[in-house]
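Subject: Structure for your files

Hello,

Here is the structure you were waiting for. Please open it first; my notes on what was found follow below.

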Amino acid sequence: MSERDKYPAESGRRRFVKGVVGGAALAGVGATGAAAINSATQASGAGGGSTQAYAIENTDGPAPRGMPQIPVEIDDEGYLRGVWPEVKTEQQQGVQVTIAETEDFKGSGVTYSTDWFQFCGVESYGGINPEYDSDNYFRSGSSPGYEWQSETYSEGDRLHVDDFSDYQDWTNGVGTEGLGKPATGRWRSEDAEDVIPIQVIKSDRVQEMAQNDPWLEASTEEGFIAWLNKCTHFCCVPQFKAEGSAKFGAEDDVYCQCHQSIYDPFSIVQTLFVARPRPTE
Ligand code: FES
């Protein structure tokens, strides 16, 4: 089953129950103030709470905020992977918890943490556990979002920079030709019950954006940018240059077909939200 096919219908009982616990904890935040955020979230799991993430900007539609970036790295052989923060143990309100967090990510001054991805049920996915065993490569899924991927990759193949070399001419017939070449995929999901959907674009626009921007310089590589591809509205999986997006003026954007939310992958903003705690084992 593809990542796109899985949402939003999929909702296993286990996750539903966890979602309710997280929701109840968050519901208390408004009434009891900031001090309650930590105790409420700690009560039902590890990590979470008030979080500032870098995200591709939500520019239209009902989504409350952007989708969080995943810093990109390219290995010596040209394969793309997402950087996972440093795994460490921390004392939080008297409880020992394992977290994944990198302070001052590659000298950018930004604290990058797994909390960025803890929304839409992802907080309970196996791959979001700080200690989940993964090589962190971005892999093509069973039903990729673009024809070029179906022609180039089998399911589980790692995305490679050479396969994006025609990015300055690439088009799928939607929007501006040569704006950038995208791929859909998954991250930290091999052998896991739940798939973490990601999207990647290589574009000159990304390279331009990264000049004189310490965070983008640190989190993008050779014009590649990536993000966790879960709409912050109701958790559908959107797509860059999606079929049917032109009707909504989103032909050069990331478009969520569920309720027409639009995201601009070439505008990176800081976004503040209350991340959900990871469930305790
Ligand atoms: S706009 Fe509603 S789930 Fe994306």
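**The middle strand and its partners**

Lys181 stands opposite Lys202 in β10. The model is a predicted one: local features need pLDDT of at least 70, side-chain atom pairs count only at pLDDT 80 or more, and totals for chains, interfaces and linings use all residues. Residue numbers start from 1 along each chain as its sequence is written.

The pair Lys181 and Lys202 belongs to the contact between strand β9 (residues 181-186) and β10, which run antiparallel and are joined by six bridges. Strands here are DSSP runs of E with at least two residues, helices are runs of H or I with at least four, and both are numbered from the N terminus. Two strands count as paired if DSSP finds at least two bridges between them. β10 also pairs with strand β11 (residues 224-228), again antiparallel, over five bridges. In that pairing Val200 has Ala226 of β11 as its bridge partner.

Together these strands form an open sheet of three, in the order β9-β10-β11. β9 and β11 are at the edges with a single partner strand each, so one side of each has no neighbour in the sheet. On average, neighbouring strands of this sheet are turned by 20° against each other, direction ignored; the axes are lines fitted to C-alpha atoms (for helices over the stretch in contact), and angles run from 0 to 180 degrees between N-to-C directions.

**The core**

The largest nonpolar core has 50 residues, and Phe138, Ile198, Val200 and Ala226 touch the most other members. Such a core is a set of buried Ala, Val, Leu, Ile, Met, Phe, Trp, Tyr and Cys residues joined through C-beta atoms within 7 Å. Elements that each supply at least two residues of this core include β2, β10, α5 (204-210) and α6 (214-219). The largest share, five residues, comes from β11. In soluble globular proteins, nonpolar side chains tend to be buried together.

Another open sheet has five strands in the order β3-β2-β14-β13-β12, with antiparallel pairing. Its edges are β3 (67-68) and β12 (239-240), each with a single partner strand, so one side of each is left without a neighbour in the sheet. β2 (residues 49-60) and β3 are joined by two bridges, and Ile56 has Met67 in β3 as its bridge partner.

Gly66 lies in the loop between β2 and β3. Gly66 counts as buried because it has 25 C-beta neighbours inside 10 Å. Its contacts include Ala55, Ile56, Tyr263 and Thr271. The C-alpha atoms of Gly66 and Ile262 are separated by 9.2 Å, although the two are 196 residues apart along the chain.

**The chain overall**

The chain has six helices and 15 strands, and 43% of its 281 residues are buried.

Regards

Technical notes. Buried ≥ 20, exposed ≤ 12 C-beta atoms within 10 Å, placed from the backbone. Contact = placed C-beta atoms within 7 Å. Lists of a residue's contacts leave out its neighbours within four places in sequence.
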